[in-house]
Amino acid sequence: MAARPVRTSRGAKVRRTQVGADVRTIKEWARANGYEVNDRGRIPNHIREAFEAAN
């Protein structure tokens with residue numbers, strides 16, 4: 001069987017996030033640059049964007 005696109009119960013397409021840099025790498029960079037980041041959980045978008053802009 002071929003793979004099918006994933007859709008929600010309402011028929012909308014599901015958008016997958018991009019695979020980017022390793023989470024640990026981004027958190028280490030953020031701490032070194034003065035951002036407060038939790039050891040667990042998601043990385044806020046503004047920190048991820050700052051990391052991508054710097055690298």
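A: Contact means heavy atoms within 4.5 Å. The model is predicted, and on that criterion Val-37, leaving aside its neighbours within four places in sequence, is in contact with Lys-27, Ala-30, Arg-31 and Ile-47.

Q: Why is Val-37 called buried, and where in the chain is Val-37 placed?
A: The relative accessibility of Val-37 is 15%, and buried means under 20%, so Val-37 counts as buried. The residue lies in the loop between helix 1 and helix 2, and the C-alpha atoms of Val-37 and Ile-26, 11 residues apart along the chain, are separated by 9.6 Å.

Q: Why are the buried residues of helix 2 said to line one face of the helix?
A: In helix 2 the buried residues are Ile-47, Ala-50 and Phe-51. Viewed down the axis of helix 2, they fall within an arc of 100°, so they line one face of the helix. On the face of helix 2 turned away from its buried side are the exposed residues Asn-45, His-46, Glu-49 and Ala-53, whereas the buried residues of helix 2 pack against helix 1.

Q: What makes the pair of Trp-29 and Phe-51 an aromatic pair, and which geometry does it have?
A: By the rule for such pairs, the count comes to two aromatic pairs. In the pair of Trp-29 and Phe-51 the ring centres are 5.6 Å apart, against a limit of within 6.5 Å, and the angle of 75° between the planes falls in the range over 60 degrees that counts as edge-to-face. This pair links distant parts of the chain, 22 residues apart, with Trp-29 in helix 1 (residues 23-32) and Phe-51 in helix 2 (residues 45-54). Both Trp-29 and Phe-51 are buried, and together with Tyr-35 they form one aromatic cluster.

Q: Which residues make up the largest nonpolar core, and what makes a set of residues such a core?
A: A nonpolar core is a set of buried residues of listed types, Ala, Val, Ile, Phe and Trp among them, joined through side-chain atoms within 4.5 Å. The largest one has eight residues, namely Ile-26, Trp-29, Ala-30, Val-37, Ile-43, Ile-47, Ala-50 and Phe-51. The elements that give two or more residues to this core are helix 1 and helix 2. Leaving aside its neighbours within four places in sequence, Ile-47 is in contact with Ile-26, Trp-29, Ala-30, Tyr-35, Glu-36 and Val-37.

Q: Why is the meeting of Asp-39 and Arg-31 called a salt bridge?
A: The distance between the side chains of Asp-39 and Arg-31 is 2.8 Å, N to O, and the criterion asks for a side-chain nitrogen of Lys or Arg within 4 Å of a carboxyl oxygen of Asp or Glu, so the pair counts as a salt bridge. The structure holds one salt bridge.

Q: How do you know whether Asp-39 and Arg-31 are exposed or partly exposed?
A: Exposed means over 50%, so Asp-39, at 66% relative accessibility, counts as exposed. Arg-31 has a relative accessible area of 39% and is therefore partly exposed.

How values were computed:
Residues are numbered from 1 along each chain as its sequence is written. This is a predicted model: local features need pLDDT of at least 70, side-chain atom pairs count only at pLDDT 80 or more; totals for chains, interfaces and linings use all residues. Side-chain values use heavy atoms; hydrogens and water are left out. Buried means under 20% relative accessible area, exposed over 50%, partly exposed in between (1.4 Å probe, protein chains only). Rings of Phe, Tyr and Trp (its six-membered ring) pair if their centres lie within 6.5 Å; planes under 30 degrees apart count as stacked, over 60 as edge-to-face and the rest as tilted. Helices (H or I, at least four residues) and strands (E, at least two) are DSSP runs, numbered from the N terminus. The arc is that of the directions from the helix axis to the C-beta atoms.
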